[in-house]
Every structure is written in structure tokens, then in C-alpha cells.
Amino acid sequence: MIQKVIVSVCLLFSLVLAAQEGTSSPYSFYGIGEVKFKGTVENRSMGGISVFPDSIHMNLQNPAHLASLKLTSFAIGTTYATTKSKSELDEAKAKRTSLDYLAVGIPVGKFGVGFGLIPYSSVGYKLQKLSSDTTPIFSRYTGIGGVNKVFLGIGYKLTKKLNIGADLQYNFGTIKTTNLRFQDGLQYGTRENNASDVRGVNLDLGLTYQTKVKSKYSFFSSLSYTPEAKITLGNSRTIEIIQFLSSGAVSVIEQDKIPVQDTSIKLPAKLSLGSGFGEVKKWLLGGEITFINNSVISNRFTDINGSTFENSIRYSVGGFYIPNYNSYSNYVKKIVYRGGIRYENTGLVIQNKSITDFAANLGLGLPLGGTFSNINIGLEMGKRGTVYSNLVEENYVNLSIGLSLSERWFIKRKFD
């Protein structure tokens, strides 16, 4: 079953991921865009914690969890997001749908192997401004694109309690931004187009530990570390003289290529520490703290001013509850109920103001009858930024749906 699904979905996912607009945030203008959550709907619904070593679900945040897989797992997730952005003077709404991940995990004895495709960051904004001077100037700023990553990971069970793992990731993508200016009363305006082709490699390392407490309960802990890495950006820039047509379209009158240097951006080092306590297949309560060395980040072009980056911390608390995972007569008792909260300093500083992000999560895991597969639904409500200091506050609601298919592969048939 999974083999047929993988073949039909992978190509479609790759094409859509390259073209999608994964964010509508003006804060995605800085750095290489808004960094996406690297995890499944299941983890996101618990505030983003990744301490639980699930045997049938992929865990994309810590490669050591691959060694805990008992079944071959295929995971795909998508999010429908609505955002209300407001400043001291205005407000706007935006909607978007994005694909979040596609991954396959395969258990091989004490090893677990995983591979897939995940968005790392997204750029997507459309802003307009009309100056209040005696000669009004109309300005429009747009951006689209982002960075995606393909990964190959491996986990190994050192002992019954201890797993280690690592995954190698190749980052690629294109970011395009446009700045248009048009002065009232003049026939022509100007438009600046910037593009960056992104390439680079980075690595994740992981460690997990699990032990029994008084035979009934279990203690879980996890550690993951991402070393600092560098990605290169092949930059290009054009300046155009343009004219608005009566239809609203833009006609290019003249175009010049402007030489700009290729640049490089550092991906920050990241350290995550988490622990949890609970009863296997019944309930879990856990927490996680992540330290990110965001101060090494820079913008794509050296002539972008007004922003800096600082080191940041993310706090996550969450868990799940299953009334009776083995119930045959009551489907509701087999549903996994998840919840969590998350608070983080994003690392972006504008007008000397740190941009923070807070969210609350709820989720359900709905079993597909007679299998180990399930549909996972998550709801996230949060706020990023502030209306003060001439900035933008974003209130968002994200509805995520993930499909997790699990079955046994490589079983030798007794009968043909």
C-alpha cells in the first residue's frame, strides 16, 4: 500500500513545494525568510516537543528516534493558515495553503533509516505604501520563494534504552523580491528585482534515552544538536523603467543588470534538550527548551538596513492522552488527544524590538480501522510581533492535517 502511495505523491509534492508560497509575513523579508517548524503534525500539536520515541510515527526533529520505528512509515502533512496582520494605522488578512513535509522511515534491525523533503524557510509578502508628501509616491514590495531541504537520516539502537542518530541535509531554493516605486504625475516608474539561488549542506545529530519507572511508567529524554553551517547565495539584480498600462499590467520600457556580489549566510547552531514522563500507549507530559545561535544570521544583501539578529530561546510544553488504544468497541477511546504551548524569541530584532512568537496547540490522532495508520489533525493559534514601534502584529490560526501510513515491509513469504 505504502509503496504505491509514495510513487504517486513524491513527484506531485516536489512540484508543489517548489512553487508554493508558504508564508504571508512581512518579517520573511529578512534573512532567508521565515524559518518553518521542522516536525510532523503530531509533534506540532504538542507544542513542538519531540521527546517521545514513537514506533509507528516519523519524528523529523531528532534522527535518533528513527531507531525506534517498528514499521515502515510514510508521512505527509499540509497546513491551511489564516493570518490577520495589523499595525497602528492599518490591518489586512491573508490565507494560504502549504505542504509541510514528506518523509519515509524504514526499520532495519537495530537501525532506522529515514529520508524526505521539508521546507526550511519561506518568503512571501505583498506590501503597499503611499507617501503623504505633496508629491505622492506609490511603493509596492513583494517577495516569494524560500529554502527547501532533502534529508537522509539514520538512527541506531545502542542499547534497549539509548539511541543515537544523524541526518544529512541538502538545502536548495530560490528567493525573489521586487521593489516598485511610482511617483504621481510622472509617466514612468522604477522597479528593482532581486533573486538569490540558495545552495548548502548541514547536519543534525541526536540522542534519546528511555527507562522504566516503577514498571508502569516511563521517563523519556532527548538531545539534538545542529552545528553551524554555511549556505551560498548566487545573487542577481536588475533595475527597470516601467509603465502602468490601462489594463493594470506593467510594461518594461528599459532594463539594466546591476552587478551584485554573491554572498553566504550562516545557518545557526541549535541545541535542543527535552524530557517527558508518562505511561506508554496511554499518556505523556513533556517539555523542551531550544537554544539557537541566531546572532550569526545576516541578510541576503549587504545593503539591507534596519534589522539585526540575536541569540534566541524556544520553550515548548505538551503531551497526549489515549483513553484506550486497544478498544475494539469504542472508536472514540482509541483517538489520541494532544495539546501544548510554545513561546519563542525568533531572533529577529527590528527598531531595537525583539520579535517574539507565542502559540497554543490542540490535536487529534484518528486511527484508520484495522491498521496502524492514522490521520492527524492539529489546530494552532498564535501571535507574532507587535503593533508598537512601527511594527506589525500577526494573529494567526493554522489548521494542519497529516497522514501517517504504517505497515511491514521486507517480510519473506512462506507460500507463493
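This note covers the pocket, cavities and nonpolar cores of a predicted model.

1. Basis. Local features in this predicted model need pLDDT of at least 70, side-chain atom pairs count only at pLDDT 80 or more, and totals for chains, interfaces and linings use all residues. Residues are numbered from 1 along each chain as its sequence is written, and side-chain values use heavy atoms, with hydrogens and water left out.

2. Largest pocket. Its volume is about 1800 Å³, the volume being the space filled by probe spheres set on grid points joined across faces, edges and corners. A pocket is an open set of points on a 1 Å grid over the protein atoms alone, with protein on both sides within 12 Å along at least five of seven lines; a cavity is a set where a 1.4 Å probe fits but cannot get out; lining residues have an atom within 4 Å of a point.

3. Pocket lining. There are 44 lining residues, with Pro-26, Leu-127, Gln-128, Tyr-141 and Val-392 nearest the centre of the largest pocket. β4 gives the most, 6 residues (strands are DSSP E runs of at least two residues, numbered from the N terminus).

4. Cavities. The structure has 3 cavities of 30 Å³ or more.

5. Cores. A nonpolar core joins buried Ala, Val, Leu, Ile, Met, Phe, Trp, Tyr and Cys residues through side-chain atoms within 4.5 Å, buried meaning under 20% relative accessible area with a 1.4 Å probe, protein chains only. The largest has 12 residues, among them Ile-32, Tyr-120, Val-198 and Leu-267. Apart from this core lies another of 10 residues, including Ile-118 and Phe-151.

Conventions
Helices (H or I, at least four residues) and strands (E, at least two) are DSSP runs, numbered from the N terminus. Buried means under 20% relative accessible area, exposed over 50%, partly exposed in between (1.4 Å probe, protein chains only).
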